[in-house]
Structures are given as C-alpha cells and as structure tokens.
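Dear colleague,

Please find below the structure I mentioned, together with its sequence.

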Amino acid sequence: MNSTEWDPAEFFSGDLTPAKFALVILNCELQLPISVYRKLWSNAAYKVAADGGANRLHTLNVNNDPISLDLDAIVGDLDSLQTDTREYWSTKGVTISYDSDQDTTDFVKSVHHLRCSQTQRSNNIVVLGGLSGRVDQAMSVLHQIYALQKEPAYRSGRVYLLSSEAITFILQPGKHSIRAKKSFPNIALGRNVGIIPLKDATVISTEGLEWDVHNWETEIGGRISTSNHVREEIITIQTSKDVLFTIDLDTSD
C-alpha cells in the first residue's frame, strides 16, 4: 500500500524552495519566536490575514520594529479590523477584500480567496492560530479544516494548524509516514503526539511510537490516543477513517 508522506517541520527550514504553502493568519496571539515567523514568511508563497488577524500581525510588527512581516491580502467581513490597522496595511498596498457572507467564517473566506487567487502558487495552507482561546472557536476551526479536505488524496491541498504549542493536521484513510523528529534554530518537533478520531469510530495501527497499537478501535466517548511519545524519526499510522494528528513543538527565543 502506498504511503502518504508528511514532513510537518519543513515550513521552518531556512531555504524551502520553491515555496510550498500559503499562510492564513487568524485573530489569535502570535507567540512563536520572531525568528520562526521570519522563516515562515520567507518560505510562504502568499500571506492572507483573516479579518482581525491583520490586527495581530500589525501589533507584532510594531512591537518588534524594524521587523516588517508583509501581507498580500486581508479577507473577511472586516468587523474586527481596527482603523489604525486598516490604515497601516493600506499604505503598504495590501488588498482589503470585504465579504459580507454571514454563513461562512473569515477563515473559510480566506481559504476560498487563496484557492481562487491567480498569484497563489501553492495549494497547501498553514494556518496560524485557531486552537487557543475560546473552545467554540477552536472547535469551529477543527470542523473547517476537516470540511475543507474532503476530496481524496488532498487534491485541493493540505491544511495545517500551527500554534505556539503544536502543529496539527488531518490524516485521511490509508497509510501515512510522518517525519516526527526534526529541529531548526529556536524550534523543533516535540515528543508528544495525539491521534484523535473525528466523525466516526476508527481503527488505527501505529509504528514508531512509545505505545504502538495494532488494529485498535478509537472513537469519541471510547478510547482515544493522546499523550503518546515519538520513538522513531519516522512514524507510521494506518487509519480506516479520518483522524486528527497533532505533535507538540519545543520553542526557544
């Protein structure tokens, strides 16, 4: 059986050429080391802020002058966009796109903007934020990354959630090989992982973890795999249904 390969730390590489992803900045605190953000920005093909995410990036730039992390667009209903933030990005020529649709979140609007953009050169998306703060908003983001990747073999691209604590993504049914040990200055993959079932009960098998399982049924309300530890550089996960995979990050300033 063919294996889907993952290298979740590649975004932190000093030279990711050509750029393999776009960035979406959500309205969450940006708490990674500045050097890590520099690498992400230099590696990204396109950067879009989801409404209030533009405020967060504006604050990061102002508080770390002369750092100036750029944007290509701001997308959303703009109810969170502050006046000084709008002026700041407008003077830099950033596209500000108003979308009044109240049936979609600013995150989803930003993803649709990316997928329709003629200048966006990558299908993969790294989302900054989304799993901190309010529980309902975190659950909404998890729901959305699941809904945005229903096509087989990630035909529309992969979506990663990146917080200051972890990187998280969806594993579709099948076999997956994940490079789980990798480090760069100021950031490294940690040892703690979780494999969380989503919509249905799921059967998983793993290799390379401290507590491997074989044909192990997992479901919300039953058994779930959390706080497992990485043992090998490459770990393998076989799953019968979609699951959420998360691995923590070790950071230093």
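The protein chain holds 5 helices and 16 strands, where helices (H or I, at least four residues) and strands (E, at least two) are DSSP runs numbered from the N terminus. Please bear in mind that this is a predicted model, in which local features need pLDDT of at least 70 and side-chain atom pairs count only at pLDDT 80 or more, whereas totals for chains, interfaces and linings use all residues. Residues are numbered from 1 along each chain as its sequence is written, and side-chain values use heavy atoms, with hydrogens and water left out.

As to overall form, the radius of gyration (taken over C-alpha atoms) is 18 Å, which agrees with the value near 18 Å for a compact globule of 253 residues, the globule rule being 2.2 Å times the number of residues to the power 0.38. Of the 253 residues, 53% count as buried, meaning under 20% relative accessible area with a 1.4 Å probe and protein chains only. Among contacts (heavy atoms within 4.5 Å) with a separation of 6 or more, 72% join residues 24 or more positions apart.

The largest nonpolar core has 54 residues, and those with the most contacts inside it are Tyr37, Leu40, Leu128 and Phe245; such a core is a set of buried Ala, Val, Leu, Ile, Met, Phe, Trp, Tyr and Cys residues joined through side-chain atoms within 4.5 Å. Helix H1 (residues 34-43) gives the most to this core, with 5 residues, and the core draws at least three residues from each of domain 1 (10-164) and domain 2 (165-252), bounds that come from an automatic or database domain assignment. Leaving aside neighbours within four places in sequence, Leu128 touches, among others, Leu23, Ile25, Tyr37, Leu40, Trp41 and Leu162. Another core, of 24 residues, lies apart from the largest one and includes Val48, Ala50, Phe107 and Ile125.

In helix H2 (residues 53-63), the buried residues are Gly53, Ala54, Asn55, Leu57, His58, Leu60 and Asn61, and their cover includes strands S2 (21-25), S3 (46-50) and S4 (73-76) as well as helices H1 and H3 (83-91).

Finally, Ser177 lies in strand S9 (residues 174-179) and counts as buried because its relative accessibility is 18%. Beyond its neighbours within four places in sequence, Ser177 is in contact with Ser3, Thr4, Glu5, Trp6, Ile234, Ile235 and Thr236, while its C-alpha atom is separated by 8.7 Å from that of Asp7, 170 residues apart along the chain.

With kind regards

Key:
Buried < 20%, exposed > 50% of the residue type's maximum accessible area, 1.4 Å probe, protein only.
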